[in-house]
Amino acid sequence: MKTFLKAATLALTLGASSLAMAEPVKIGLITTLSGGGAGLGVDTRDGFMLAIKQSGNKDITVVTEDDAQKPELAVQIADKMIQSDKVDILTGIVWSNLLMAVVPGAVAQGKIYVSTNAAPAALAGEKCDPLYFNAAYQNDNLHEAMGEYASKVYKKTFIMAPNYPAGKDSLTGFKRYYKGELASEVYTKVGQTDYAAEIAQIRASGADAAFVFLPGGMGIAFMKQYAQSGVKIPVIGPGFSFSQDVLPAIGDAALGAKASGQWAKDLDNAANKKFVPAFQAEYGRLPSIYAVQAYDAAQLILSAASKASVKDVKAFTAELNKADIQSPRGKFKFNTNRHPIQDIYLTEVVKENGTLTNKIVETIFTDHGDAYAKDCKK
């Protein structure tokens, strides 16, 4: 009798798992596929779709649309995906101002959002939500790491970022750990392409380093102009400033640049050794951190879908929260506010076989969380 009950229980368990795997799941991927930030969105899309392809799960449908880096368009797309396309989960937004425009409305309608990149402080603390997960970091994290590193190397740092939520979070994060003197704190326009005035400010600042967060096309424009200016003050930044998607465009001006990141292609773990060549084989280029984060976001969704019905939101989010994945980053788990706890590294731009890339120099933080988790009560 006991044997029969055990067999019946096992059959029910396997049956439930099979039902979860077989149940259709529709994902709405909103990302930037045009304009100056397109490289970030393309890597996001490609990393996400690689994980879906590798899973072999035919019951996952991904609807992809271009937000063109416009908050109002992102909101329109999200509403359409929720109301017309009937998506179960939203993901893919690169920019924090777009995420802030989309997430409150999405979770209010009972939709799960898994962020592949944008991670504003506002959604990590008091305004956190049980339906909002971040597979990347919290915006401050990589900047905090560079503040820690700069404190050991530089005495006076010029800091600069775009004037939007992620930019403000970046400089807040840097200042949280930096113990030296600030030469100046400058906010630039989002999408700016001419940095002559800011470079002149850096030259005259008396700084011995410039910490710069300018993702996508902004960083490309700045670094090219900075190299041409002849200013010798070293530029440091978070990994986005020198990520794989922008290095070919920046060129040798990036060589030797120090940055912070939770991943690099030379990270020594089994998942990364599988991921990097698989991405190269699929897309003919090296992956960036945006691709890795999106790959992990997809892995999280796939893992949860294999164990729970997406229609049972409480059960599905409980499975998401377990973070039962093998990440190319290595160790990965969620904090109490559903943002990652992970290691953060110092990286350096090098040239390998004629290709610019990043290599890990040292570990800055081990098992690093964020400053806002204590304020998340949901």
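This is a predicted model: local features need pLDDT of at least 70, side-chain atom pairs count only at pLDDT 80 or more; totals for chains, interfaces and linings use all residues.

1. Helix α2, which covers residues 38-55, packs with helix α10, residues 270-283, at an angle of about 105°, the axes being 11 Å apart. Since an angle from 65 to 115 degrees counts as roughly perpendicular, the two helices α2 and α10 are therefore placed in that class. On the α2 side the contact is made by Asp43, Asp46, Gly47, Met49, Leu50, Lys53 and Gln54, and these meet Lys274, Phe275, Ala278, Phe279, Glu282 and Tyr283 of α10. Sorted by class, the residues of this contact between α2 and α10 comprise six nonpolar, two polar and five charged.

2. Helix α7 (residues 196-204) and helix α8 (residues 217-229) form another contact, in which the axes come within 10 Å and cross at roughly 50°; that angle makes α7 oblique to α8. The crossing of α7 and α8 is right-handed. From α7 the residues involved are Ala196, Ile199, Ile202 and Arg203, while α8 contributes Phe222, Gln225, Tyr226 and Ser229. In the contact of α7 with α8 there are five nonpolar residues, two polar ones and one charged one.

3. Turning to the aromatic rings, the count comes to 16 aromatic pairs. One of them joins phenylalanine 133 and phenylalanine 334, whose ring centres are 5.6 Å apart and whose planes stand at 65°, so the pair is edge-to-face.

4. An aromatic cluster is formed by Trp263, Phe275, Phe279, Tyr283 and Tyr295. Readers who compare this with point 2 will find Phe275, Phe279 and Tyr283 listed there as well, among the α10 residues that meet α2.

5. Is histidine 143 buried or exposed? This residue, which lies in helix α5 (residues 141-153), has a relative accessible area of 1% and is buried. Leaving aside residues up to four places away in sequence, histidine 143 touches Ser170, Gly173, Phe174, Phe211, Phe213, Pro238, Phe240 and Ser260.

Definitions and conventions:
Residues are numbered from 1 along each chain as its sequence is written. Side-chain values use heavy atoms; hydrogens and water are left out. Axes are lines fitted to C-alpha atoms, for helices over the stretch in contact, and angles run from 0 to 180 degrees between N-to-C directions. Helices (H or I, at least four residues) and strands (E, at least two) are DSSP runs, numbered from the N terminus. Angles under 35 degrees count as roughly parallel, over 145 as roughly antiparallel, 65 to 115 as roughly perpendicular and the rest as oblique. A crossing is left-handed if the near helix is turned anticlockwise from the far one by less than a right angle, and right-handed if clockwise. Contact means heavy atoms within 4.5 Å. Ala, Val, Leu, Ile, Met, Phe, Trp, Tyr, Cys and Pro count as nonpolar, Asp, Glu, Lys and Arg as charged, and the others, Gly among them, as polar. Rings of Phe, Tyr and Trp (its six-membered ring) pair if their centres lie within 6.5 Å; planes under 30 degrees apart count as stacked, over 60 as edge-to-face and the rest as tilted. Buried means under 20% relative accessible area, exposed over 50%, partly exposed in between (1.4 Å probe, protein chains only).
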